[in-house]
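Please work through the exercises below with the structure at hand, trying each task before reading its solution.

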Amino acid sequence: MLLTVASTSLRELARRRVALLFVFLLPCVFYWARIDVSWQAVRFLAIGVGWAVATLSLFSHVGARRLDQRLSVIGASPTALFFGRQLALLGIGVIMAGVYFVLVAATQDGLARLPAVFLLLLTTVLISAPLGALVSLVITRELEGALALLSIMALQLLVDPDGSAAKLLPLWSTRELSAYAIQTPAADSLPSGLFHFALTLTLCVAIAWFASALRLRPVSLSPIRPDTPH
Amino acid sequence: MTPEEEWGTQLLKHLTSTGIALAEARELAGDALAEAAAAGIDPRAMYGPAVAYASTVAQAVRSATATAAPLSRTRGPVVLRLHGVSKRYRRRRVLKNVHLSLRAGEVAAIVGANGSGKSTLLNICAGLTRATSGVVERTARVGYAPQQDGVAPLLTPEEHFRLFGAVHRMGRKKAAAIGTGLASRLGWRPREGVVVAHLSGGTQQKLNVVLSELNRPELILLDEPYQGFDQGSYVDFWDQVFRWRDGGAGILVVTHMLHDLDRVDHVLELQPVEEP
Amino acid sequence: MRQQWLHGFLDVCLLSLLAERRDYGRGLAERLVEAGFDEVPGGTLYPALLRLEKQGLVRTEKEASTSGPPRKYYELTELGRTGVRERRHAWEHFKTAMDAVVVSPLDAEEVGT
């Protein structure tokens, strides 16, 4: 079931050609805007990837809600439906991370730790997919949800990274990992970044999974009792 | 190609697209042309437009198979029982004290004006909405076709069969074979690679109906598809409802057509609940 | 209006005509016209015959004709013969009921004036 949901929703996503085009284009625009300042370019790129994947995830989950409801009425497991769609999104996200890693490798020299760029793109994708799902469960409409995600990502770029409030944002780890990728004397940002990533990922997945299961799980109806004699 | 042959080709094409097997469609089209030739009349004048004639012929073929072996009706065990079901949204009362006992092999129709809670009742039976009070007993093997958004616009019918089949642990091929077979009974043959968004409204409804019965459910819950359904599809739909019934399923259908209700076993008329 | 009525009774008419003798499609249409009905369009006649065939009430046979291509002849099956009898009964009932409702009030009016 899980794999069937994943493969059908992958096809569904692949057929939204224009949306996909923009999803790929957006991080690119972010990146070129800051290409001169390499540490900013990488950060902007990652946030762009995060926003694109989260938005795609939001649309995918909002769009599938009625169908998923129907499937769960006839006995589909809400868990399989949730993780199936997430798997498809991760598939697209990982491709994006790969493409942009190649782009960064080709256009930036002088990065201290190039492989770390792939790591930070990957962690961004891994958080953004369930983040989009989570927002889709709170804000059930596409436009409003997309705006909410936009606010989160804008905050992410604007908030003073050293303030304690910044750590509450979902992609704080992306910043830490980009610091690790760029700074020549290795900063101690790798462990703190990875720890924040693991925590955020667990929270996002757990809450989104729990909430979607709660929403999709049909009301339990009692089985038929044998006829009472009249 | 002569106009007669052109008409024959069109007829053959339309016949196969309604789900008639190629060999039979060839024979039917050949007969029609031969008959017209023997009478010395242009088939277009004799039978009318090919598309219209194909639809009448296809209906004749299907209606016959529907009534060929009228099964002796057997009523099975209860598959759905509603006891004093009521529903309130905050202070607004939608359903009041609904009772129903539906057995396998029976059809129940829910009728009522707009806003009388027909869809709410169907959702309660599906398990999508919780009743405020009362008891709902239901078999677990259920099929369900909602009125709207029951299909994904960007998936093909075949992918729908796969997805819904997977819920019942059917393999891909089996699900596709069963889905295509069920579709042909509604006079529709899914073409490969065409996504649902590109199908006509009536065809989307047919897919909706087919998906509800992929697992041979004991109880089928339906919102009668009427948007985009022409008269022929509508007749086919009800033929299908009675075929399910004769096959031993219980059917609960929200209906908007108020004639022909003497053919169903239970009519549940919902009234818009008056506030005191 | 007459056309619509015939539509509802076309099956009975066709079965009754075939009970008299086997025939081909055009032949049946002509006999209906002779009886006083309007011409039945092919788009109605042939699907009706097909339905009867599918229900097992008639069987078909292709026969070479002296002029032109072979013709498809229709004749009643055993099931069809029983079907005709049942339908005739039903029709008698229906006719009596119709007469009682439609004809007698008219008669009464004529007598009265």
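Helices are DSSP runs of H or I with at least four residues, and strands are runs of E with at least two, numbered from the N terminus. The model used throughout is a predicted one.

**Exercise 1.** Determine how many helices and strands chain C has, and in which order they run.

*Solution.* Counting the runs in chain C gives 4 helices and 3 strands. Reading chain C from the N terminus, one then finds the order α-β-α-α-β-β-α. As a further step, consider burial, for which a residue needs 20 or more other C-beta atoms within 10 Å of its own: of the 113 residues in chain C, 21% are buried.

**Exercise 2.** Describe the side of chain B that touches chain C.

*Solution.* Begin with the contacts, in which 21 residues of chain B meet 16 residues of chain C. Helix 4 of chain B gives the most, with 10 residues.

**Exercise 3.** Work out how helix 3 and helix 6 of chain A pass each other.

*Solution.* First take the axes of helix 3 (residues 38–63) and helix 6 (residues 114–138) of chain A, which come within 7 Å and cross at roughly 30°. The crossing of these two helices of chain A is right-handed. Then examine the residues that meet, including Val42(A), Ala46(A) and Val49(A) from helix 3 and Val117(A), Leu120(A) and Leu121(A) from helix 6. By class, this contact within chain A has 16 nonpolar, 8 polar and no charged residues.

Definitions and conventions. Residues are numbered from 1 along each chain as its sequence is written. Chains are lettered from A and ligands numbered from 1 in the order in which they are written. This is a predicted model: local features need pLDDT of at least 70, side-chain atom pairs count only at pLDDT 80 or more; totals for chains, interfaces and linings use all residues. A residue is buried if 20 or more other C-beta atoms lie within 10 Å of its own, exposed if 12 or fewer, and partly exposed in between; C-beta atoms are placed from the backbone. Two residues are in contact if their C-beta atoms, placed from the backbone, lie within 7 Å. Axes are lines fitted to C-alpha atoms, for helices over the stretch in contact, and angles run from 0 to 180 degrees between N-to-C directions. A crossing is left-handed if the near helix is turned anticlockwise from the far one by less than a right angle, and right-handed if clockwise. Ala, Val, Leu, Ile, Met, Phe, Trp, Tyr, Cys and Pro count as nonpolar, Asp, Glu, Lys and Arg as charged, and the others, Gly among them, as polar.
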